[in-house]
Amino acid sequence: MRAQDGHVYFTSLVLSVVDGFHLAFRMVQLLIYFFPILFTAPPTDLFGIQFRKTWVHLLLLTFERAGPAFIKLGQWAATRPDIFPQDICAEMTKLQTKAPAHDFPYTKRSIEKAFGRKISDIFEYFEEEPVASGSIAQVHRAALKFRYPGQKLKPVVVAVKVRHPGVSESIRRDFVIVNLLAKISGFIPSLNRLRLEDIVPQFAVYMTTQVDLAREAAHLSRSIYNFRRWKDVSFLKPLYPLVHPIVFVDGKMCLSQKSWM
């Protein structure tokens, strides 16, 4: 048992060192990305409107380049004019959610691992090319298998949302760094008024529902119930039990990327 415990401890130590290396590398990368923003932040209110507009646009480009966590942070900021300046909110609405799609073998493995069944046992057909790919996940069109074999039933066309590989771990690391940046921002007068130390925990709650697709499905189900009497309000409709933290199936196929991403 002691030898086994020693092996576990050593493995844990190695993983911690590797994770620390990845975290340090990512921190350097983000510092390079954000240095122009931090360096030019103090004079944004001193050099006129045009300088301010240029700085805000540079902030947008930096968030796009920094990856999923920052793209989602920017999108969330765009919905919070009660916290962020109006010009930043307006600029962040332009954030692009398009991202490279992962390959179909990964999608197939994810679905089969999530539901414990072969993909061919669940779907009548499954389009390998995604109809949309965002910073967190991508969406495929598919049709569920007939519930009663032999009977001619209209195929149930669905959308299948599959989380990208490594997104959860990448965002976890970025959150460690975001918390550090929030603390640093408290010493920069032009950023201090944003109260980032108070904002980050709020964003963390929002981000949890974005990364964990099972939580996203639960929120959608709650919204469907809460707005059941509103005929003009529509939501994606999770199909239980085909819901998992890395995959969920939507029974209301919608090709609008904004609806999914």
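1. Let's start with helices H7 (residues 167-185) and H9 (residues 196-211), whose axes come within 9 Å and cross at roughly 170 degrees. H7 and H9 are therefore roughly antiparallel (angles over 145 degrees). Here helices are DSSP runs of H or I, at least four residues, numbered from the N terminus; axes are lines fitted to C-alpha atoms over the stretch in contact, with angles from 0 to 180 degrees between N-to-C directions.

2. A word on the model: it is predicted, so local features need pLDDT of at least 70 and side-chain atom pairs pLDDT 80 or more, while totals for chains, interfaces and linings use all residues. Residues are numbered from 1 along each chain, and side-chain values use heavy atoms, without hydrogens and water.

3. Now H2 (residues 49-66) and H3 (residues 68-78): their axes come within 6 Å and cross at roughly 140 degrees. Phe63, Glu64 and Ala66 of H2 meet Phe70, Ile71, Leu73 and Gly74 of H3 (contact is heavy atoms within 4.5 Å).

4. Phe63 is worth a look in the viewer. Leaving aside neighbours within four places in sequence, Phe63 contacts Phe34, Phe70, Ile71, Leu73, Gly74, Met92 and Leu95.

5. The largest nonpolar core has 38 residues, of which Phe63, Phe70, Met92 and Ile171 touch the most other members. Such a core is a set of buried Ala, Val, Leu, Ile, Met, Phe, Trp, Tyr and Cys residues joined through side-chain atoms within 4.5 Å, buried being under 20% relative accessible area (1.4 Å probe, protein chains only).

Conventions. Helix = DSSP H or I, 4+ residues; strand = E, 2+ residues; numbered from the N terminus. Parallel < 35°, antiparallel > 145°, perpendicular 65-115°, else oblique. Buried < 20%, exposed > 50% of the residue type's maximum accessible area, 1.4 Å probe, protein only.
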